[in-house]
Amino acid sequence: MRHDEGFFEGFDGTKLYYQSWKPEGRSKAVVLVVHGLVEHSGRYMNVVNQLVPSGYAVYALDHRGHGKSEGERAHVNSFDEFIEDLKCFVDLVKRREKRKKIFMLGHSMGSLITMLYVAKYPEGISGVVLSGTGARPGKVSPIVKALLSLIAKIAPKAKFALPWDPSFISRDEKVVGNYVNDPLVSKKASARLLAEVYYNTFKAAQEAAKIKVPCLIQVGGADVAFDPESHKELYDIIAAEDKTLKVYEGYRHEVYNEVGKEVPLRDLEEWLEKHI
């Protein structure tokens, strides 16, 4: 396996970090990973170790304000910045991996970015995988929602500790411990970023009606990051005729980092094999 890393310029010149992992021989297709809120590209090694030995090239970026990329920590002025940065990254990958199919894998917040991206820039994307996703956010009280919206307007960079128990990501205590102690995982996020994620959950679900490429949705049955009843709703909205919904009973938010991760990882690879 060959590992490469570097930086590229986002849409406004912001310096963004990326990594790639490739098999020793010629790769048969590309999987482009779009990570979630406050995390980074290095947390997807289970996906890398599943796919690269099977002949796939995996590329992943750190969003602005995340991981090793530049930008105000865990902050964004507008969700559109993520979309336009991703466009720059996809263009880079296309230049390096000419004439190869590109599949986009978006997790959690990354699933929202992926849906919005493919709805706006469908050219050159052969399929979409969405994990830890849904058409509506998890439960948020009306008071918290109103306060968040207000603070996002008057003090957008104000930082707040993330209001959830980290064990929501996985039943695997080692995974949770690594997440908590990872210096590249932010422990706080700005009011604007949190508000943008909340409202763009609804926007992404609407835009999913424009997605016509093959789509695989993989979610945990015990995932509370999104409204559990909205997984099927998102599946129904997506316009693609070729679409699959996999719900893993008992699994939490990060199905590729869960106890029994081998099942969703195998399902991911089998789905890709059918679409290359």
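Helices (H or I, at least four residues) and strands (E, at least two) are DSSP runs, numbered from the N terminus. With that in hand, let us walk through this structure. It is a predicted model, in which local features need pLDDT of at least 70 and side-chain atom pairs count only at pLDDT 80 or more, while totals for chains, interfaces and linings use all residues. Residues are numbered from 1 along each chain as its sequence is written, and side-chain values use heavy atoms, with hydrogens and water left out.

The protein chain has eight helices and ten strands. Its radius of gyration, taken over C-alpha atoms, is 17 Å, close to the 19 Å that the globule rule (2.2 Å times the number of residues to the power 0.38) gives for 276 residues, so the chain is as compact as a globular protein of that length. Of those 276 residues, 56% count as buried, that is, under 20% relative accessible area with a 1.4 Å probe, protein chains only.

Now for the open spaces. On a 1 Å grid over the protein atoms alone, a pocket is an open set of points with protein on both sides within 12 Å along at least five of seven lines, a cavity is a set where a 1.4 Å probe fits but cannot get out, and lining residues have an atom within 4 Å of a point. Grid points are joined across faces, edges and corners, and a volume is the space filled by probe spheres set on the points.

The largest pocket has a volume of about 960 Å³. Among its 35 lining residues, Val140, Pro163, Trp164, Leu194 and Ala225 lie nearest the centre. Two or more lining residues come from each of helix 4 (142-154), strand 7 (159-161) and helix 6 (191-207), and helix 4 gives the most, with five. By class, the lining has 23 nonpolar, six polar and six charged residues; here Ala, Val, Leu, Ile, Met, Phe, Trp, Tyr, Cys and Pro count as nonpolar, Asp, Glu, Lys and Arg as charged, and the others, Gly among them, as polar.

The second largest pocket holds about 260 Å³. Its lining has 13 residues, with Arg43, Asn46, Val175, Asn178 and Asn257 nearest the centre. Helix 1 (45-51) and helix 5 (173-181) each supply at least two of the lining residues, and the largest share, four residues, belongs to helix 5. This lining divides into four nonpolar, four polar and five charged residues.

Finally, look for the one cavity of 30 Å³ or more. The largest cavity has a volume of about 60 Å³, and its lining includes Glu39, Arg43, Tyr44 and His107.

Conventions: Buried means under 20% relative accessible area, exposed over 50%, partly exposed in between (1.4 Å probe, protein chains only).
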